[in-house]
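Dear colleague,

Please find below the structure that I am handing over to you. My findings follow it.

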Amino acid sequence: MANLPPVELLVCVKCRREMDVPEGGTRPGEALHAELANRTMPEGVTLKAVECLSNCSSGCSVAVRGGAQRWTYVYGNLMEDRDADMVVDGIGKYAATTDGIVPWRERPEHFRKNCIARIPPQEF
């Protein structure tokens, strides 16, 4: 994987998953980011917090992108208390590709059923 472009895992930390979060309380998106930060990211993957992915009705949400030749994906309906390991597994598979396309059956089931958007590479 050393010759592949780096991958960014972007986590919406503003996600409330349509819940009431008290002032100063931890939002589900923040909790998901914290869970992911406690994991070892696959080689070449950087975890980043972002303010909003505009996917509020399907939160928690993450996006994964990896250079000008890979597809970008947005995944939603993630649960902060159970999905971190699955996200790391799926992102590792993405990071191992040159084009961002993980074969359908190799993707985590949640990724197959909760892909919010698939964005073509810049060099499409």
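I begin with strand E1: 6 of its 6 residues are buried, so E1 is largely enclosed by the rest of the structure. Buried here means under 20% relative accessible area, exposed means over 50%, and partly exposed lies in between (1.4 Å probe, protein chains only). Strands (E, at least two residues) and helices (H or I, at least four) are DSSP runs, numbered from the N terminus.

Please note that this is a predicted model, in which local features need pLDDT of at least 70 and side-chain atom pairs count only at pLDDT 80 or more, while totals for chains, interfaces and linings use all residues. Residues are numbered from 1 along each chain as its sequence is written, and side-chain values use heavy atoms, with hydrogens and water left out.

**Strand E1 and its partners**

In a regular strand the side chains alternate between the two faces of the sheet. In E1, Val7, Leu9 and Val11 point one way, whereas Glu8, Leu10 and Cys12 point the other way, and all are buried. E1 pairs with E2 in the parallel sense over 6 bridges; two strands pair if DSSP finds at least two bridges between them. Within E2, Ala49 is the bridge partner of Val11. The chain passes from E1 through H1 to E2, and this β-α-β crossover is right-handed (with the strands pointing away from the viewer, the path from the first strand over the helix to the second runs clockwise). With E3, E1 pairs in the antiparallel sense over 4 bridges, and there the bridge partner of Val11 is Val62.

**Helix H1**

Helix H1 spans residues 28–37, and its buried residues are Pro28, Gly29, Leu32, His33 and Leu36. Seen down the axis of H1, these buried residues fall within an arc of 140°, so they line one face of the helix; the arc is that of the directions from the helix axis to the C-beta atoms. An α-helix has 3.6 residues a turn, so residues three or four places apart point the same way. The cover over the buried residues of H1 includes strands E1 (7–12), E2 (45–50) and E3 (62–65), as well as helix H2 (84–95), where contact means heavy atoms within 4.5 Å.

**Aromatic residues**

Rings of Phe, Tyr and Trp (its six-membered ring) pair if their centres lie within 6.5 Å; planes under 30 degrees apart count as stacked, over 60 as edge-to-face and the rest as tilted. The count by this rule is 3 aromatic pairs. One of them, Tyr73 with Tyr94, is edge-to-face, at 6.2 Å centre to centre and 90° between the planes. Tyr73 lies in strand E4 (residues 72–75) and Tyr94 in helix H2, so this pair ties together parts that are 21 residues apart in sequence. Tyr73 is buried at 2% relative accessible area, and Tyr94 is buried at 3%. The rings of Tyr75 and Phe111 have centres 3.8 Å apart and planes at 10°, so that pair is stacked. Both Tyr75 and Phe111 are buried. Tyr73, Tyr75, Tyr94 and Phe111 form one aromatic cluster.

**Cysteines**

The structure holds 0 disulfides, a disulfide being a pair of cysteine sulfur atoms within 2.5 Å. Cys56 is in none, and its nearest cysteine sulfur, that of Cys52, is 4.7 Å away. Cys56 counts as exposed, at 53% relative accessibility.

Yours sincerely
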